[in-house]
Amino acid sequence: MTGLESALLSLLEKRTEIEQWLEKKRQSVPLPIYGSFDIRDAGWKAVVVDSNAFPAGFNNLNIKDHEKLSSGLREWLDDLVKPPNRLLIWPEAHTRNPGYLDNVRVIQSLIEKTGFNVLVGTDLLKSQTITTSFGDLSLVDVDVTDDTVIANGEIIDLILLNADLSDGPLNISGVDIFPPNHMGWHSRSKCRHFEHVSDLVHEIGDIVGIDPWLIGPWGFISRGRCLEEQFCRERLAAEIHDGLEFISSKYNEHGIESKPSLFIKNDKGTYGLGILRIESPDEILNLSKRKMNRLTYAKGGKHAEDFLLQEAVPTFLESNNSVIEPVGYGVNGEVISWFFRSNSKYGNLDNLNTPSTQFILEKDLSEKSSSQVNSRKWLHKLIAEISMIAMGKENLDYDSSDDD
């Protein structure tokens, strides 16, 4: 029995205690309105490897989950001190990606089902009607002043962001913005998020008596690595060496026969850009110009110098000759709906956030894969909801820094 299989039995034995712990944690932080969570399950370790505060795949979810998603959104909005009368979804400025437009239309529909008046648009997009797979999406005229947002000629009470703000925050005052500006990639740090996740899984480890590494991330931030300079690469190589040594020690502790590796990621949002898997420090010392450009390139053509070194966790899940990874979608602190990334062109350690990846539902999985997923669904839900609570802790960090 692997370490995680034994740990899963211990987790399930204390399921009631863990769920009470989760609820207490939810009440202690300002929960995000929504989020998505990429999970890697190696069989011997399961962990959230990425979290998105501005999820863009609602169109990939099972329509059967829409009612529960709407209910969660309604609860979150009703819990505000002043629930909005008119809500504006603020999407990414690009509107050419059909899948993304489907996503925006689904978000609008989910909130409309709750009875709120929901408009879509930004001051950078002209008014137009776009046909999507989920019905027409109408973008309205938006005018922004110092303290007012006017959409379609009327004042907006709340902005729901569905744009990652890589280019900077929205300079708007007088209107509530959720998720807040500081969750945009101009300021948010992946590493800080995973530090909070690590603290939370250590609490779970103490409650259950398991090694938190089995359900938690390993990683740290490497700052100011000007990779064009040899001394920067040498310092990064030393950090990679230490990281691989730690992972190797964990493999030995749990009897895992696998070669350790790690991902180097831009500490800000990437959309799959700026990611490189490393098995040896020598790889960074002898980095080709092409790989260097790939690693340092971020969304919008920005140059990255702060990197997250993160343990590479393989997926043992496969379906119909394709590796798969679960992606959970949550609202108001609860992860409700799932889809799976599937790719027959890549291996079990590769990044699946690529153009060739397909999005499938549980009904599309092979019988064996569906059985495996169902047997571990509570575990996947647990680690995804821990990550959602960690997002809430990020909000508390920002509030504390404001107080300072």
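Two strands pair if DSSP finds at least two bridges between them. Helices (H or I, at least four residues) and strands (E, at least two) are DSSP runs, numbered from the N terminus. The model is a predicted one: local features need pLDDT of at least 70, side-chain atom pairs count only at pLDDT 80 or more, and totals for chains, interfaces and linings use all residues. Residues are numbered from 1 along each chain as its sequence is written, and side-chain values use heavy atoms, leaving out hydrogens and water.

**Exercise 1.** Work out in which order the four strands of the open sheet lie.

Step 1. Begin with S12 and strand S15 (residues 307-311), which pair in the antiparallel sense over four bridges. For example, Phe220 has Leu309 in S15 as its bridge partner.

Step 2. Next, find the ends: strand S12 (219-222) and strand S14 (275-278) are the edge strands, each pairing on one side only.

Step 3. Now read across the antiparallel sheet: S12-S15-S13-S14.

**Exercise 2.** Describe how helix H3 (residues 66-78) and helix H4 (residues 98-112) cross.

Step 1. Their axes (lines fitted to C-alpha atoms, for helices over the stretch in contact) come within 8 Å and cross at roughly 70°. Angles run from 0 to 180 degrees between N-to-C directions.

Step 2. H3 and H4 are therefore roughly perpendicular to each other (angles under 35 degrees count as roughly parallel, over 145 as roughly antiparallel, 65 to 115 as roughly perpendicular and the rest as oblique).

Step 3. Look at who meets whom, with contact meaning heavy atoms within 4.5 Å: His66, Leu69, Ser70, Leu73 and Leu77 in H3 meet Val106, Leu110 and Ile111 in H4.
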